[in-house]
Amino acid sequence: MTIFEQLSSGADVNMATPEYAEAIQEMTRCGSICFKVNTTEPKPELVRPLEEQLFNGGLDKTSYLMPPIQIDFGCQMKIGRGVFVNHSLTCMAAGGITIDDGVMIGPNVRIVTDNHDFANRMVLRCKPVHIGRNAWIGVGAIILPGVTIGENAVVAAGAVVTKDVAPNTIVGGNPAKFIKSI
């Protein structure tokens with residue numbers, strides 16, 4: 001099992017092991033590409049090839065990420081068709097992030113898939129995040145490890161999502177709570 005499979009599986013991963021060096025290489029690769037994206041003139045013809053490189057060619061031509069962005073594990077992300085991401089997205093993607101078709105993500109959103117063990121801070125505990133088709137994530141929302149956002153759901157601005165969000169619902173607050181069905 002590769003280090004990336006271990007991270008995606010939810011198994012504890014000790015960052016002090018030699019196998020974790022491959023993960024460090026991926027974080028370095030992604031950091032370098034994000035730096036280039038964030039310091040390039042904001043023209044799609046200049047930024048797009050860099051973003052495609054970040055996701056190893058896995059960014060659909062109908063999806064758009066507005067710089068600046070900060071993504072640590074581009075190889076652990078899957079982005080569908082027709083996705084729009086506004087500026088200042090931060091993804092801690094070690095555990096895997098899937099963003100389905102038609103998702104809209106507002107500015108300053110944070111998506112986190114990993115945390116540290118309380119007893120041994122060198123151990124990562126990862127859980128994937130899945131954002132369902134046509135979901136809308138509002139400005140400044142934070143989505144924490146293991147969360148699934150249901151199809152057509154809306155996460156209100158500033159929400160801190162700690163639990164799954166049912167399809168066709170609106171959630172908001174800290175921690176995010178059900179507001180209404182749509």
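In which loop does Pro68 lie? Pro68 lies in the loop between E2 and E3, where helices (H or I, at least four residues) and strands (E, at least two) are DSSP runs, numbered from the N terminus. The model is a predicted one, in which local features need pLDDT of at least 70 and side-chain atom pairs count only at pLDDT 80 or more, while totals for chains, interfaces and linings use all residues. Residues are numbered from 1 along each chain as its sequence is written, and side-chain values use heavy atoms, with hydrogens and water left out.

**Backbone geometry in loops**

- Most residues other than glycine have a negative phi, and most peptide bonds are trans.
- Pro67 and Pro68 are joined by a cis peptide bond, with omega about 0°.
- A cis peptide bond also runs from Asn174 to Pro175, with omega near -5°, and Pro175 lies in the loop between strand E18 (169–172) and E19.
- Asn56, a residue other than glycine, has a positive phi, near 50°, and lies in the loop between H3 and E2.

**Packing of H2 and H3**

- Helix H2 (residues 21–39) packs with helix H3 (residues 44–54) at an angle of about 165°, their axes being 9 Å apart; axes are lines fitted to C-alpha atoms, for helices over the stretch in contact, and angles run from 0 to 180 degrees between N-to-C directions.
- That angle makes H2 roughly antiparallel to H3, since angles under 35 degrees count as roughly parallel, over 145 as roughly antiparallel, 65 to 115 as roughly perpendicular and the rest as oblique.
- The crossing of H2 and H3 is left-handed, a term used if the near helix is turned anticlockwise from the far one by less than a right angle, with right-handed used if clockwise.
- On the H2 side the contact (heavy atoms within 4.5 Å) is made by Arg29, Cys30, Ile33, Cys34, Lys36 and Val37, and on the H3 side by Val47, Leu50, Glu51, Gln53 and Leu54.
- By class, this contact of H2 with H3 has seven nonpolar, one polar and three charged residues, where Ala, Val, Leu, Ile, Met, Phe, Trp, Tyr, Cys and Pro count as nonpolar, Asp, Glu, Lys and Arg as charged, and the others, Gly among them, as polar.

**The five-stranded sheet**

- An open sheet of five strands has the order E3-E6-E9-E14-E17, and its pairing is parallel.
- E3 and strand E17 (160–161) stand at the edges with a single partner strand each, so one side of each is left without a neighbour in the sheet.
- E3 and strand E6 (residues 89–92) run parallel and are joined by three bridges, with Thr90 in E6 as the bridge partner of Gln70.

**Strands paired with E11**

- Strand E1 (residues 13–14) pairs with strand E11 (residues 123–126) in the antiparallel sense over two bridges, and Leu124 in E11 is the bridge partner of Val13.
- Strand E10 (residues 114–116) runs antiparallel to E11 and is joined to E11 by three bridges, with Leu124 as the bridge partner of His116.
- The hairpin from E10 to E11 passes through six residues.

Conventions: Two strands pair if DSSP finds at least two bridges between them.
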